[in-house]
Amino acid sequence: MSWRTNLCLVLLALYVLETTSVPHQFHVRIHNDIEGVEYKLVTHCFSGDDDLGTHILKPNQERSWTFHDVIWPGKHSVFVCDFLWKNLYNRFEVINTGWPNMCDKLDKPGCRTYHWSVKSDGFYLAIGDNPVPSDYVFKDSWQGPRLNKWINV
């Protein structure tokens with residue numbers, strides 16, 4: 001190879017290294033804050049690549065997972081969860097790394113941790129490592145009735 005070809009390859013490699021970011025690690029926590037010992041929360045979470053399965057959470061129980069964001073330009077990691085409680089149901093995105101004001105823009109410690117608190121009146125979200133009750137913001141309410149074809153409990 002000529003020195004020009006080598007130089008072009010080196011410059012191309014430097015460009016790729018500079019423009020390719022290391023994928024960020026995200027954490028999602030879903031906590032059953034529905035009061036009453038007889039009320040169980042059923043969750044089923046998934047992305048385009050991963051099915052995290054169905055989990056039944058008793059009051060004060062939590063399920064969580066960690067993942068790395070995709071590094072392909074223009075692509076984002078998205079996790080959707082189905083929630084079932086009594087005869088009520090809802091499905092929504094619990095995290096989408098393409099949402100505006102993500103951590104790269106916020107530059108805030110712990111802002112890649114999403115805490116969902118599920119209550120009898122709906123779904124609350126707090127972002128950060130150790131949220132306090134005032135950090136939680138109401139995001140969605142329960143829908144109903146449940147879809148019988150979704151799960152049998």
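An open sheet of five strands runs in the order β4-β1-β7-β8-β9, with mixed pairing. Strands here are DSSP runs of E of at least two residues, helices are runs of H or I of at least four, and both are numbered from the N terminus. Two strands count as paired if DSSP finds at least two bridges between them. The edge strands are β4 (62-68) and β9 (137-140), each of which pairs on one side only. On average, neighbouring strands of this sheet are turned by 25° against each other, direction ignored. Axes are lines fitted to C-alpha atoms, for helices over the stretch in contact, and angles between N-to-C directions run from 0 to 180 degrees.

The model is predicted; local features need pLDDT of at least 70, side-chain atom pairs count only at pLDDT 80 or more, and totals for chains, interfaces and linings use all residues. Residues are numbered from 1 along each chain as its sequence is written, and side-chain values use heavy atoms, with hydrogens and water left out.

Arg-29 has His-115 of β7 as its bridge partner.

Strand β7 also holds Ser-117. Ser-117 has a relative accessible area of 3% and is therefore buried (under 20% relative accessible area; exposed is over 50%, partly exposed in between; 1.4 Å probe, protein chains only). Its side chain makes a polar contact of 2.4 Å with the side chain of Asp-33. A polar contact is a pair of N or O atoms within 3.5 Å; within protein, one must be able to donate a hydrogen and the other to accept it, and residues adjacent in sequence count only if both atoms are side-chain atoms. Neighbours within four places in sequence aside, Ser-117 is in contact with His-31, Asp-33, Gly-122, Phe-123, Tyr-124 and Tyr-136 (heavy atoms within 4.5 Å).

A second open sheet has four strands in the order β3-β2-β5-β6, with antiparallel pairing. β3 (51-57) and β6 (88-96) each have a single partner strand, so one side of each is left without a neighbour in the sheet. Neighbouring strands of this sheet are turned by 15° against each other on average, direction ignored. Strand β2 (residues 41-46) pairs with β3 in the antiparallel sense over five bridges. There, His-44 has Thr-54 of β3 as its bridge partner.

Overall, the chain has two helices and nine strands, in the pattern α-β-β-β-β-β-β-α-β-β-β. Of its 153 residues, 33% count as buried.
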